[in-house]
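Take a walk through this model, one region at a time. Keep the coordinates open as you read.

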Amino acid sequence: MAQERTLSIIKPDAVAKNAIGEIESRFEKAGLSIVAMKMLQLSREQAEGFYAEHKERPFFRDLVDFMTSGPVVVQVLEGENAILANRELMGATNPREAAVGTIRADFAESIDANAVHGSDSAESAIREVDYFFRGDEICPRA
Ligand code: RTP
Ligand code: MG
């Protein structure tokens, strides 16, 4: 299986409930390596640009309001099949539909405050990693 990189965000709800460490631990225990990370307070412009694919959707304003409501932690995860592996760790978008043991089942409150983001395709991962990190901010494992 190919080594991949994916962009992960710990959203404001999970940061507010002091779940950063537990969530990062799930990535590491699953064999994904954190090769870049930073904490940010997103501006509206940053959040709108990141979620530009959703700008015509009815939930877009709520999504931007939520993503700018407090600090987030953004990280690049690297490992075998990292994009799908991270999506499986996250669980379904709506925590009520998320499988037992997933991050969203354990930490998310609602479809809006749903704890984490993860890139959904190889193309998205490249765009999203580039959106938050310069090349020299990524530190691959030797
Ligand atoms: P994400 O992009 O945050 O990883 O989540 P996702 O792929 O599972 O879901 P996506 O369809 O990309 O939607 C992005 C975020 O928008 C919010 N959302 N609200 N009210 C709604 O129907 C609705 N649908 C989506 C969620 O917070 C979702 O994570
Ligand atoms: Mg998405």
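Alanine 115 is buried, because its relative accessible area is 0% and the cut-off for buried is under 20%. This is a predicted model. Alanine 115 sits in the loop between α6 and β4. Its phi is positive, at about 75 degrees, although the residue is not a glycine. Most residues other than glycine have a negative phi.

Asparagine 81 also has a positive phi, here about 55 degrees, and is not a glycine either. Its place is the loop between β3 and α5. The relative accessibility of asparagine 81 is 24%, so this residue counts as partly exposed.

Strand β3 covers residues 72-80, and eight of its nine residues are buried, so the rest of the structure largely encloses it. Which strands pair with β3? One is β1, residues 3-10, joined to β3 by eight bridges. The two run antiparallel. In this pairing, isoleucine 9 stands opposite valine 74 of β3. Another partner is β2, residues 33-40, with seven bridges to β3. This pair is antiparallel as well. Here methionine 37 faces glutamine 75 of β3.

Now turn to the largest pocket. Its volume is about 400 Å³. How many residues line the largest pocket? The lining has 21 residues. Nearest the centre lie Lys11, Tyr51, His54, Phe59 and Thr93. By class, the lining has eight charged, seven polar and six nonpolar residues. Several elements contribute: α5, β4 (116-118) and α7 (122-132) each supply at least two lining residues. The most comes from β4, which gives three residues.

The UniProt record, an unreviewed entry, carries a "binding site" annotation.

Threonine 93 lies in the loop between α5 (82-90) and α6 (103-107). Is threonine 93 buried or partly exposed? Its relative accessibility is 41%, so it counts as partly exposed. Beyond its neighbours within four places in sequence, threonine 93 is in contact with Arg104, Ile111 and Asn114.

Arginine 104 is found in helix α6. Its relative accessible area is 5%, so arginine 104 is buried. Which residues does arginine 104 touch, not counting those up to four places away in sequence? Lys11, Thr93 and Asn114 are among them. The set also includes Met90, Gly91, Ala92, Pro95 and Ala98. Val116 and His117 are touched too.

Terms used:
Residues are numbered from 1 along each chain as its sequence is written. Chains are lettered from A and ligands numbered from 1 in the order in which they are written. This is a predicted model: local features need pLDDT of at least 70, side-chain atom pairs count only at pLDDT 80 or more; totals for chains, interfaces and linings use all residues. Side-chain values use heavy atoms; hydrogens and water are left out. Buried means under 20% relative accessible area, exposed over 50%, partly exposed in between (1.4 Å probe, protein chains only). Helices (H or I, at least four residues) and strands (E, at least two) are DSSP runs, numbered from the N terminus. Two strands pair if DSSP finds at least two bridges between them. UniProt positions are given in the numbering used here, feature names are shortened, and annotations may be inferred rather than shown by experiment. Contact means heavy atoms within 4.5 Å. On a 1 Å grid over the protein atoms alone, a cavity is a set of points where a 1.4 Å probe fits but cannot get out, and a pocket is an open set with protein on both sides within 12 Å along at least five of seven lines; lining residues have an atom within 4 Å of a point. Grid points are joined across faces, edges and corners, and a volume is the space filled by probe spheres set on the points. Ala, Val, Leu, Ile, Met, Phe, Trp, Tyr, Cys and Pro count as nonpolar, Asp, Glu, Lys and Arg as charged, and the others, Gly among them, as polar.
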